[in-house]
Amino acid sequence: MNSSTAARAADLRTWLTDRPDGEQAYALLEHTDWRALAPAAAQLRERGWGCRISYSRKVFVPLTQLCRDVCHYCTFAQTPRKLEKPYLEPEDVLHIAREGAALGCKEVLFTLGDQPELRYARAREALARLGFASTLDYLEHVAGLVLRETGLLPHLNPGLMNAEQFTRLRRVAPSMGIMLESASERLCERGGPHFGSPDKHPVRRLETLRLAGEARVAMTSGILIGIGETRRERLDALLALRDLSDRYGHIQEIIVQNFRAKPGTKMHDAPEPSSDELCWTIAAARLIFGSGMSIQAPPNLYGGDLPELIAAGINDWGGVSPLTPDHVNPEAPWPHLDRLAADTARAGCDLAERLTIYPSYVLARRDWLAPELQAPVLRLSDGAGFARVGTWSPGSAEAASADDLRDVPLLATPRCSAIGRLIERAVAGVELAEAEAAELFTARGADFVQVCESADQLRRETVGDTVSYAVVRNINYTNICLYKCGFCAFSKGRAHENLRGAPYLVDLDEIRRRVREAWDRGGTEVCMQGGIHPSFTGQTYLDICRAAKQAVPQMHVHAFSPLEVSHGAQTLGISVGEFLTELKLAGLGSLPGTAAEILDDQIRLELAPDKLSTQQWLDVVAQAHRAGLPTTSTIMFGHLEGYEHWARHLLHLRHLQQQTGGLTEFVPLPFVHMEAPMYLRGRARRGPTLREALLMHAVARLVLHPLIRNVQASWVKLGPEWGQRCLQAGANDLGGTLMNESISRAAGASHGQELAPAEMQQLVAAIGRPWRQRNTLYGDVDAASIERAGNAAPLSDTYNAPIARRTSAPVTA
């Protein structure tokens with residue numbers, strides 16, 4: 001390596017930490033071979049996007065091919081005499097969108113010519129017949145129609161727009177786009193490809209992008225290479241786009257698209273840019289924009305080996321349609337998704353589906369989306385803001401789809417990745433930082449397999465192969481509640497009167513009867529929780545405890561969430577610690593660590609603003625441990641939070657266990673959405689995806705190691721099949737048989753009230769593992785209890801005393 005080459009390499013290394021300024025960027029012109037730029041570009045890509053190469057599954061709607069511009073390379077734009085209809089009719093658009101939705105598409109890409117009504121009388125006449133004054137008015141109408149009728153998300157490419165038009169269109173489209181193509185005015189002069197195209201003047205397109213930034217619209221832009229520009233002019237365009245992006249933060253991706261010569265155009269015999277030229281420009285774009293910007297190149301337009309584009313720095317393939325052709329480049333069909341995934345894998349990366357709006361904008365949706373669009377986007381996204389894959393939802397009896405199963409592979413070719421290094425540290429017992437723990441939840445493909453396999457191996461080394469379960473009866477003594485939790489379909493109050501189930505209150509005699517029946521059926525624990533009834537005091541909870549112990553002194557009473565404990569103490573005018581002592585004397589053996597939801601105050605304010613704060617919840621649980629009352633720990637996930645909140649929650653639990661040692665287990669509770677008020681109001685996702693649900697168990701095993709030994713799978717929310725899969729991804733416990741389960745069923749879960757011991761044993765045996773019936777604190781159960789559980793009679797009918805919705809009646813004997 002000579003001195004000048006070494007100096008250029010050193011310059012590139014500095015760009016890994018500091019983006020080049022305008023003058024420094026032109027030093028890229030000294031690097032004529034893209035392969036010299038690729039190592040730094042690929043490193044930046046991996047830093048910003050990991051091993052994920054994204055794409056959007058879309059349908060392409062050519063709303064109109066009329067255009068007032070006459071770009072010399074374009075075959076999309078047509079004259080009126082060549083078109084059967086100037087505009088697609090609304091029913092045509094809906095037909096395409098519905099077909100796309102049936103194939104799993106989530107984006108409708110509206111492509112159209114620029115303001116054709118300014119040039120063609122036939123366009124004006126067609127718009128008048130449709131009832132609209134302009135193409136953009138009609139676009140607003142059909143985009144809103146698609147959104148309402150199909151749920152697909154429109155992405156609009158309407159060309160130049162003013163501020164008022166952005167304000168209107170952002171109500172029907174999460175994202176829009178306008179290609180800068182080039183910053184060179186020279187290309188608009190006579191003989192240039194943009195001569196006669198008034199909408200292609202760079203200053204006008206940059207002004208449209210500026211207005212989009214002012215309007216807080218997530219935008220796609222980019223450049224078209226090989227149309228007569230120089231490399232320096234490409235850098236001019238990229239730097240102009242970077243300036244706007246830095247100012248407004250609204251450019252979500254930069255497309256580097258290569259010119260394709262097309263018959264019938266003025267540029268039909270113009271030379272196309274080489275593969276090396278495209279890769280050089282991609283690498284330059286990555287180095288100029290840094291790690292955070294999405295850099296895209298369309299896979300259908302590249303004639304070389306697709307992994308080369310990843311090596312050059314792209315992290316996105318753009319929109320790929322399983323239904324419609326690329327109407328702008330009809331000669332270049334989309335690659336099949338399986339082929340695209342295979343090519344991506346050859347580059348050591350995983351194909352990840354995204355929405356038309358990028359993940360960071362989804363997570364910051366209140367800043368970037370009109371209120372009307374937040375619910376549609378949220379329902380199609382996962383916890384990282386990528387597209388929700390598959391049809392599976394917690395609590396649903398519907399079988400996992402092919403997309404679900406592709407998202408949770410059992411096998412994959414191993415690879416060296418940042419996630420692998422995080423796993424090594426977690427297995428060694430090192431506490432991960434919040435961002436590192438959150439990164440584990442992003443695992444896909446080979447990384448997903450590695451996380452699950454590593455968690456399973458760690459489980460084997462920590463607690464062995466035996467799968468435990470407990471014979472438990474759930475007693476939910478009332479569904480009347482003072483609180484208005486957005487996720488809860490169980491409680492009945494003024495805000496929830498339309499939800500399933502009548503309000504009820506279980507009296508002490510019925511509690512005693514259920515406890516005795518549970519004992520007779522082999523139960524060793526009653527788990528008792530309920531709503532915060534307006535007439536309940538601390539004495540109510542003491543009476544419930546005593547009633548259970550009076551019925552069966554040997555029964556373990558596992559009862560009362562931290563919220564109920566706090567409420568009880570407050571109503572008696574004593575401290576939480578004093579109330580916990582009273583509960584223990586009354587027979588309480590342990591507490592469920594429920595009402596945790598997400599241990600992040602921002603999320604808690606949205607879920608249940610009047611409940612305990614994060615620190616209050618942690619304090620109650622810590623005081624229970626100091627009082628000699630162990631607790632479980634839980635997370636309720638998959639609604640409106642993100643991966644960083646999951647990581648924060650796990651680390652709160654890790655720190656609590658370091659202080660007290662009183663957590664017996666960790667129980668992930670996937671959000672069941674069907675009847676949840678916040679979902680019905682459009683404020684929540686449909687629970688975690690199947691990949692996320694499995695990862696929660698696996699990541700928890702890793703992040704909580706070695707402090708919390710037991711990870712439980714909730715069969716009532718996951719279903720038996722996926723509860724079983726969690727046992728192969730770090731979980732070691734199937735929880736309780738339940739006997740009576742009310743809360744998940746009220747939310748819409750379909751997996752039943754009870755899973756008998758024999759069914760538990762069959763689930764475990766099917767994966768070749770031994771089983772063990774345990775007690776609440778993971779000790780062994782006596783032979784007599786096991787025998788009673790194996791010969792249990794059918795449950796008697798329960799009696800929930802109906803009450804008036806505004807009752808003040810307490811639990812009584």
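This is a predicted model: local features need pLDDT of at least 70, side-chain atom pairs count only at pLDDT 80 or more; totals for chains, interfaces and linings use all residues.
Residues are numbered from 1 along each chain as its sequence is written, and side-chain values use heavy atoms, with hydrogens and water left out.

Next, display the loop between α15 (371-379) and α16 (402-407), where R388 lies. Helices here are DSSP runs of H or I with at least four residues, numbered from the N terminus.

Which residues does R388 touch, not counting residues up to four places away in sequence? Among them are K106, D382, R686 and T689; a contact means heavy atoms within 4.5 Å.

Now show the side chain of R388. One of its polar atoms lies 2.5 Å from the backbone oxygen of G687, and a polar atom of this side chain lies 3.2 Å from the backbone oxygen of W392.

Then select the whole protein chain, which has 33 helices and 20 strands, a strand being a DSSP run of E with at least two residues. Its C-alpha trace spans about 95 × 70 × 45 Å along the principal axes.

Finally, colour the protein chain by pLDDT: the mean is 92, and 94% of the residues reach 70 or more. Over residues 743-751 the pLDDT falls below 50, and residues 805-810 are also below 50.

Technical notes
pLDDT is the predictor's confidence in each residue, from 0 to 100. A polar contact is a pair of N or O atoms within 3.5 Å; within protein, one must be able to donate a hydrogen and the other to accept it, and residues adjacent in sequence count only if both atoms are side-chain atoms.
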